[in-house]
Each structure stands twice: as structure tokens, then as C-alpha cells.
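Try each task before reading its solution.

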Amino acid sequence: MGKLFDIILLALHSLSVHLVRSALTMLGIVFGVCSVTAMLAIQTGASKESQEKLSVLGSNNVIMNSIEPAQETTRDGGGHHGMSMKKFGITYKDLKCIVENVPGVLDYATVHNVKVRYYCPEDRNRLSLVMGVTPNYADILNLRISSGRFISAVDMLHMKPYCVITQTLARTAFKCLNPVGRTLKLKGQPFEIIGVIDYIPSKLGISEEDIPVFIPKTTKEGKFGQVNVNWYDGKMTSEDVQVDQLILKMKDESTVLTGAPVVRSIMEKNHDKLEYAIMIPLKLIQAKAAQQRIWDMIFFAIASISLIVGGIGIMNIMLASVTERTREIGVRRALGAKKRDIIIQFLFEAMTMTTLGGLIGVIIGYFVPPLLKDVVNVTPIVSVPMLIGPFLMAVAVGVISGLYPARRAAALDPIEALRHE
Amino acid sequence: MKPVIHLESVTKTYHVGVGVTALDNVDLVVPEGQYLAIMGSSGSGKSTMLNLLGCLDRPSLGKYYLGGDDVSTLTDNQLSEIRNTRLGFVFQSFNLIPWMTVTQNIEMPLFYKGVHRRQRRMKSAELGEMVGLGDRLEHRPPQLSGGQMQRVAIARALSNDPMVLLADEPTGNLDTQTGEEIMGVFADLNQRGRTILMVTHEPPIAAHADRVISLRDGRVESDVSDYYLRDESHG
């Protein structure tokens, strides 16, 4: 044991003699380990973020949107000059069929949209997407209320002129994060702001740019009517859509998977045109996770390449070192070093470089990813296994890249080695 | 006297395309305390002889007894141990490790023997002192002169207290005067009972030995114990 320790000290000594060379060789491993760690951290952070965004939609939900059928003007056949009536989308009949026939539907929320101009003293009047919703809308979609409250059943019942806006609108229109209690005019009618929600899940089909404003469904019908009339390019168009969005809350993930085909077949029976879209967040989440795994592997492979390149560098230097020190090896063998002693010495030199390089790489890898936050636009997550893994890889690279040169050194014929110039 | 080295019809053949016989049926007995020189021109087999005697190689045929033990059929590991414990090497080009200090060079055989660091240090300091380099123990070989380097090599060869000191042209890289100094050290060691086996091609160097054998084409051509007298008579 004492001898092994001595040989290890000897290896360290010979590395310290060629300090610059050892350090440069080590650098390859430092970068390799650092990039593996950083890649893992960024990847984990990105993965977590996208999973979070999707999970807001609710893995137990089935979301259906009415869409305008392509190249289709009317359902009731034409219209007068300069005016057309569009009637399409999900109907209350569909809703009834679905609720009655699809097993596992716990709850549902309907959304009824209208585009109107809004006005508030601090902002120009712009077109906003007013969404008449039922009170359970926020619960089903897990919307986070940052201040105030969401629409209640009482608001619904009394057709209250209340509205809930997004943080983006609060910032742009009111220049503050908590405009609760203030008034927003929608198509000239005053609405009191009762709450602000964090953000709208992007996959929902609406974005912050649409400027969504939530009001009770009953209020929407009372104030803006069922049919939406728009003036566009001097032409008046009207849209009659019964349900713009239908969100079904299923019992669990398995009923989502069994119920979704039933929903689809009901819709196919009731509609001969594609005027609806069915979205299943669970499938999106699963697809995203599968995609994520592929990316994980690709990134890991790319990052590993730099580690492999570092390992090749080590092997190269070790081979050169063995050639350069052939005479030394011959002398050691002549004076009684066994093959094993030579292997340990050279293997340990390689391993010291990779272990030390790995350690430095891990330390840098721990501190660097958080600095990349703004560059890569995600918050990298560094965890302990993410540091231990690449470190062990570096140690393994040391063994792999050191073994061949070490064995070559040990296999040298002492007589030949002593004669080497 | 008891033989330290005993070669019994040793033959060494190499197969480089065709078989080459480097040593042909050589017998040699070296008693303890003898100072033997091996001479011969290049290709005479003296390098092969030294490699065999130094346990760096094994005979193709015949037996080699070192200190009474048959070492002709040992494994690589066993040969390493024999070299480590029974033999001391002095080379023509010193073969010191340039990045290690004088002490570290001297203690190398003890290092591989597994001797404790502190004992190694003591022994190497003692031997460094003995070869007259007590004030250079922490120097590195490139800072030393040729003669000093060879003295370090001798100290290294002695550190494991070997049965035989094997020297391969020990004065080949030194000027005449320094060479004579090194021969003085050898004579001194032999006086104190050390068995020395030296390979050289220079008659004046061989003249320091008690006994000189000459090799030619792998065979012992002559074996004389009064070489220095003959050398003088030739001169």
C-alpha cells in the first residue's frame, strides 16, 4: 500500500514537472465537463419550463375551439350586398350530446367571445377580445389570480358589469399591477375591474396581443348579444357562434384518452365541415416529454463529444510522454519496477489530469449556467447528480485514455527502452 | 569460493528472419568478490551476455544460477524482483531521471522494493555521502558533471546492496581522468568485497579487473586472470 502511495506521489511529481503541458491537457477535460454540466442544466431548466407551461392547460382537460371553416361564407346561404352572416362552430347541441354521452366529464366551461374597442383614460382605445366566461373557467384552467378575484356565480346571476384583465393589460393600460376597482370601458360601457390574472397559457389559442378581457357570460350576452357584428373594410360581417370555446374537465388522465375519441365522433356526426378543433393537453404534454427526451439525448451526445475530444487529447499527450520517457521507463524496469508499477504510474498521471480537470469543470459548471440565464432565455437548473455524473465521466475518460498508453509503456522491452535515444 | 554467478552452457538465439546465435554454449563461474571484465568487439555477444546476466533477458538454452538460484526460467515479475534485490546497474550514459533529485535517483531501487520513505532517504543520503556528493543531494542531474552523474548512478546501483554490480561501459561517456576516478571508486568497492562485472571494449579499463574474458562470435575466446600483466607486456 505504501508503494502504491509512493507511485501516486511520483505521478503527481512528474505532472508538476511539466506543469504547463499538464494544465493545457487538463483544459480539454475542464471544458468537456463544464459543457456537459451546462448543457444538462439548461436542458433541465428548459424542460421544466415547458412542462409547467403545458400543465397549466390541465392534463385532465379537453379543449375545443370553434374555427371558421375555410373558404366558407355562410351556413344559411348567402346574404345581402355588403353584408354576410357567418354561422359556424360548436353549438349547445354538441355540448349537450357530449355531456350526456362521454363518460368521465366532471365539469365544463364555455367561452363566448366578442371583439370590441376598450377605453380607459390612460390608454388609446384598441380592439380587445372580450370573453364571456362561466365562473369555473379559472379553476378548470388553473389560472393564477395575482390580485382581486375571478368572476363568481353571483356576478353571473346578476349580470354584473365586472371584468378580469391580464397583467399585461394592467401594465400597459393602467401602468400599475393592481388596477382592481378601476373602470374599463368596453364599447362605451363601463366595467369595473375585479381581478387580474397572471398570464394566459399560450397553447389556449389566444395570446396577450388579443388583449383578452374576461366578463361574466351572462353580461356578455346581455350587453353585446349573441351575434357579433363587425365592420371591416366598409363591409359589415356578422358571426353567429354559439360556443367559441368549450373546455371539458375529465375525471382523470385515462378518461381523457378514452373520452377524446367519443367527443371527436360526436362532433363528426353533428358537423359535416371542420369548424372546430379539439386539443388534448395531455397528448401535448406526452409528445413534448418524448420530444424532450430526444433533445436531452442529442444535447448530451454533443456535450459528451467535447469530453471525448478531451480524452483523446489526454491519450495523445500520454502517448507522446511514453515515447519521450522511453529511457526512463527502461531504467525503472531495469532497477526493479514491475509492469504493474509502470502501468499505475502512467495511468495515474492520466487520471490525475482528468480528475482534477473534472473537478474544476464541475465547479465552473456549477457557477456558469446561472450566468447564461439571459442568453438562453431559460433558468438553468443545476442539481447534484448533474455535477457528479460528468465528474465520474471525466474520471472514466482518464482510465480509458490512460490505459492504452500506460500498457504500452509497461510492454516496452527494458533492453530496447534502455537503448532508446 | 561460492559462485555468485554460474552460467551453464548458455545459448541465446534471436529470430530476426533467420536465426542468429548471439551466445553459443557459454559456461562462466564468477566467485564472490571477483572483479570481472568482459571484452569483445561489437557483435561479439557481450551486450547479450550483459542482458542475460542482468536478468533483463532469459537464455534460450542452458541455466543461469544467480546466488545459487536458477533464474533462467523466471517470469517477468520475478525477474523484476531479482533485478531489484540482487543486481545493481551502472550504464554508459548514466541513465538518471533528469527531473528527480540526486536523492530520489539514488533511492529508486528501494522505492520499487517498497522501503519506507524515511529509510530510503537515510540510505540515499548515506550513499550520496559515500560517493562524495553529500552537498549535492537536492540537485538535479542536469546540474551535475558527467563524473558526478556516474557517481550518483553508482550510489543508486548500491542502494539495494546487490550481489553483483553490473557496469556497461561505465567510462564510455567520460574523459580519461574522470574515467580513472570512477575506476578508483570501483576498485575501492571491490576491495570491500563487492563483486563487479564490467563490460568494456577499452583494454586500459579492462586492466583494472582481476579477470578478463574476451568474447568472439558468441563464444569465450580467452579467460585470463593476469590481464594487466599481459596488457603491459603488449604495451
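Predicted model: local features only at pLDDT ≥ 70, side-chain atom pairs only at ≥ 80, totals over all residues.

**Exercise 1.** Work out which classes of residue line the second largest pocket, and where they come from.

*Solution.* 
- Step 1: start with the volume, about 540 Å³ for the second largest pocket.
- Step 2: find the lining, which has 22 residues; nearest the centre are A:Ile415, A:Leu418, A:Arg419, B:Ser47 and B:Asp168.
- Step 3: sort the lining by class, which gives 10 nonpolar, seven polar and five charged residues.
- Step 4: trace the elements. Helix H14 (414–419) of chain A supplies at least two lining residues, as do helix H1 (46–53), strand S6 (87–90) and strand S7 (164–168) of chain B, each on its own account. H1(B) gives the most, with four residues.

**Exercise 2.** Describe the lining of the largest pocket by residue class and by element.

*Solution.* 
- Step 1: the volume of the largest pocket is about 830 Å³.
- Step 2: 30 residues line this pocket, and A:Val114, A:Lys115, A:Leu129, A:Asn230 and A:Glu239 are the closest to its centre.
- Step 3: by class, the lining splits into 16 nonpolar, seven polar and seven charged residues.
- Step 4: in chain A, strands S1, S3, S4 (123–133) and S10 (227–232) each supply at least two of the lining residues.

**Exercise 3.** Decide why the buried residues of H3(A) can be said to line one face of the helix.

*Solution.* 
- Step 1: take buried as under 20% relative accessible area. In helix H3 (residues 92–101) of chain A, A:Asp94, A:Leu95 and A:Ile98 are the buried residues.
- Step 2: look down the axis of H3(A): the buried residues fall within an arc of 100°, so they line one face.
- Step 3: recall that an α-helix has 3.6 residues a turn, so residues three or four places apart point the same way.
- Step 4: turn to the face away from the buried side, where the exposed residues A:Lys93, A:Lys96 and A:Glu100 sit.
- Step 5: name the packing partners of the buried residues, which are strands S1 (61–66), S3 (105–120) and S12 (245–250) and helix H8 (253–270) of chain A.

Terms used
Residues numbered from 1 in each chain as written. Chains lettered and ligands numbered in written order. Heavy atoms only, no water. Buried < 20%, exposed > 50% of the residue type's maximum accessible area, 1.4 Å probe, protein only. Arc of directions from axis to C-beta. Contact = heavy atoms within 4.5 Å. 1 Å grid on protein atoms, 1.4 Å probe; cavity = no way out; pocket = protein on both sides within 12 Å on 5 of 7 lines; lining within 4 Å. Points joined across faces, edges and corners; volume = space filled by probe spheres on them. Nonpolar A, V, L, I, M, F, W, Y, C, P; charged D, E, K, R; others polar.
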